[in-house]
Protein chains: 2
Amino acid sequence: MITTRDIAERLGISVSTVGRALADDSRISEETKFRVRQAAAEMGYVANRAARMMRGASSNVVALVIPDIRNSFYSAIAHELSKNMEAQGYQLMLSETDDDRMVELRHLRELSANRVAGIIIVPTARPHSDSVKLLRAVPHLQLLRRHPSLGSQWFGVDDHEALRRATAHLVAQGHTRIAYVGGPVELPTGAERLRGFRSALQEGGLPDDAGRAELGPPASLAHGRETVRRLLEDPRAPTALVLGSIQLTLGVLEELSQQGVKVPEELSVVGFGDEPGFSWWGPGLTTVGLPIEEMATGCALWLMRRLTTKPSNDGPYTSVSPGSLVVRGSTAPPGGRQA
Amino acid sequence: MITTRDIAERLGISVSTVGRALADDSRISEETKFRVRQAAAEMGYVANRAARMMRGASSNVVALVIPDIRNSFYSAIAHELSKNMEAQGYQLMLSETDDDRMVELRHLRELSANRVAGIIIVPTARPHSDSVKLLRAVPHLQLLRRHPSLGSQWFGVDDHEALRRATAHLVAQGHTRIAYVGGPVELPTGAERLRGFRSALQEGGLPDDAGRAELGPPASLAHGRETVRRLLEDPRAPTALVLGSIQLTLGVLEELSQQGVKVPEELSVVGFGDEPGFSWWGPGLTTVGLPIEEMATGCALWLMRRLTTKPSNDGPYTSVSPGSLVVRGSTAPPGGRQA
DNA sequence: CCTCCGCGTGCTAACGTTAGCACTGCCTGG
DNA sequence: CCAGGCAGTGCTAACGTTAGCACGCGGAGG
């Protein structure tokens, strides 16, 4: 690799002069700058950021720590983030935790060793105490899920309100046996969504046994399929389904298609997230649309400001809109179409 | 940030000893090692990889340079790659080019400055000459698209064969007006897929005007919609459609659903890629399935070997299977279902 | 004529880590 | 009893870049 020293030797000048010329320092004559730049270009010089970092400069890398990039919500976030950061000269590091706190910890160690400038993280249910320590030392922002030990810098969705609205939509249509399939209560989002589901039932004046919650790994398509299979076998199968994660929704839709369940006649369904494909599934999936782009640009802007301004910026958190209910054809009063 | 020096001062020993203790050097007494490790853990020491890199060590970061992470093919690749690399202690850097050679160049400059250990890239149609220079200096592997100036390390799909099979399937059913909607010929993949399309027509003994190619940005869902709209307005609209990219397929499916086009009665469709949702679209989408996981693990393994072994490893390239045609309900002889 | 100033450049140290070499005791074999 | 070796540790230089300080030179003002 070419260094400033190589350039200096070739031009018969000092390393300092080369460095200053490349930094466009006002003290260097235009002629020298020109010669240095020319030589640098010819020799294919690329500054070594590791060396620069050792002089106290911070890195230009920001990490995104998420469960799984294949989840289209996260890939959308990654995309927006990447776009925003690139414009500011930052690079994006991608770390997948697979919702495993040990993997999360390993990643955080590496990110820390690499001295990333900032971290945007969707934390696992109960981050390892070392993970907490590591995060504390770096500007970070929690996304979606919020774990109290990680501070109050959080950017999320009003999960409670989102599921409340989704469920209320079914209650309003007269359903009295509604199942919720979502993530575990250990996850903050899981807990909130379940609470929203329960709130809607209660507000609708339904008895306690009207609702039924099936909780499990939220990132597993297979789990969605199995759960819906189990539910349908039940003699007192629900007449409506509310879903609490994108992956679960994908799994459930596949299974319902495959089993030829008539929606909404036999079963009403409200999904979570809005993927390409949800609009053309069966009669069109009624679903909770999420403000992905707003969230991603919000995150990017927050982090950029946090990294460029000196004082330990600390707006406590920003909750984004609860998501909008997109009503399509997959919901109807129990027993058939028509209200 | 805590450094080895801090630990050394606290324990009243030298920096070298601390360094060696942490590296588990055999010359250091067990007792000293223990004290150093304890102190390091207590103080939250994390080695600075930038400093280590300056001593000649290479970085543990590998970059993935792709057009758009939201494309599920790329997110699947990113996932597999990330999983494989994490196991080896590597981190993944994500760079999106948006198929813009200038953005690509900017990213490559940054990656180069950060001294990434390796790069896996889906190059733009005509990479900037500086991009070529930069890539030459780093172990890299082309994915899917292959640009001659970037060397022969390539991991891809047999695009010609994939599209040939897809088209042949339609020809076999008797279609004589077939349209291909795909990426531009400037992209190696675009050229190959178009060639495959043409080959199948020729092999089927169809006249030159049987086929019609509509080329445009492959990553644009909107372009897929517009193209199909335009095709349907044509008095001599095709009776079958072959698609040449995942995003275009998504767009086309949405438009066909929205317009209520009867598939396969009015139009047969063969898609590209196999997304969740393709199976439940209309009568089920006949499509070209891609060996995503095999490719991703293949890439990861190649790169790992390339990075860990000394000699400039140079298997010229590896072409993966042509993709398997997944036959569902969206294809039938012209004019209706049934053969 | 001398001093002072500013322009352009060079020297040197520093960042955190690592590796080569040197040093100090102590123990063993001749 | 002495030489040599080894275990355990310290000193120092080096990686590439940058910033503070110093230096030389020429011109302007006293």
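**Where chain A meets chain B**

In this predicted model, B:Arg49 makes a salt bridge with A:Glu110, and their closest N and O atoms lie 2.6 Å apart. A salt bridge also links A:Arg49 to B:Glu110, again with 2.6 Å between the closest N and O atoms. A:Arg49 belongs to helix 4 of chain A and B:Glu110 to helix 6 (residues 101-113) of chain B, so this pair joins two chains.

These pairs belong to a wider set of links. The rule finds 4 salt bridges across the interface of chain A and chain B. Over all chains, the structure holds 50 salt bridges. Polar contacts can be counted across the interface too: 28 residue pairs are found, both residues of each having pLDDT 80 or more.

Helix 6 of chain A gives the most, with 8 residues. By type, the residues on this side of chain A divide into 27 nonpolar, 13 polar and 11 charged.

In residues, 51 of chain A are in contact with 51 of chain B. In area, the size of an interface is often given as the accessible area lost when the parts come together. Chain A and chain B bury about 4,400 Å² between them, and 57% of that is on carbon and sulfur atoms. Of the area that chain A buries against chain B, A:Gln91, A:Arg115 and A:Trp280 supply 18%, more than any other three residues.

For a contact within one chain, turn to two helices of chain A. Helix 2 (residues 15-22) and helix 3 (residues 30-43) of chain A pack at an angle of about 90 degrees, and their axes are 9 Å apart. Angles of 65 to 115 degrees count as roughly perpendicular, so helix 2 of chain A is roughly perpendicular to helix 3 of chain A. From helix 2 of chain A, the residues A:Thr17, A:Val18, A:Ala21 and A:Leu22 take part; they meet A:Thr32, A:Lys33, A:Val36, A:Arg37 and A:Ala40 in helix 3 of chain A. The residues of this contact comprise 5 nonpolar, 2 polar and 2 charged.

Key: Residues are numbered from 1 along each chain as its sequence is written. Chains are lettered from A and ligands numbered from 1 in the order in which they are written. This is a predicted model: local features need pLDDT of at least 70, side-chain atom pairs count only at pLDDT 80 or more; totals for chains, interfaces and linings use all residues. Side-chain values use heavy atoms; hydrogens and water are left out. Axes are lines fitted to C-alpha atoms, for helices over the stretch in contact, and angles run from 0 to 180 degrees between N-to-C directions. Helices (H or I, at least four residues) and strands (E, at least two) are DSSP runs, numbered from the N terminus. Angles under 35 degrees count as roughly parallel, over 145 as roughly antiparallel, 65 to 115 as roughly perpendicular and the rest as oblique. Contact means heavy atoms within 4.5 Å. Ala, Val, Leu, Ile, Met, Phe, Trp, Tyr, Cys and Pro count as nonpolar, Asp, Glu, Lys and Arg as charged, and the others, Gly among them, as polar. Buried area is the accessible area (1.4 Å probe) that two parts lose on being put together, summed over both. A salt bridge is a side-chain nitrogen of Lys or Arg within 4 Å of a carboxyl oxygen of Asp or Glu. A polar contact is a pair of N or O atoms within 3.5 Å; within protein, one must be able to donate a hydrogen and the other to accept it, and residues adjacent in sequence count only if both atoms are side-chain atoms.
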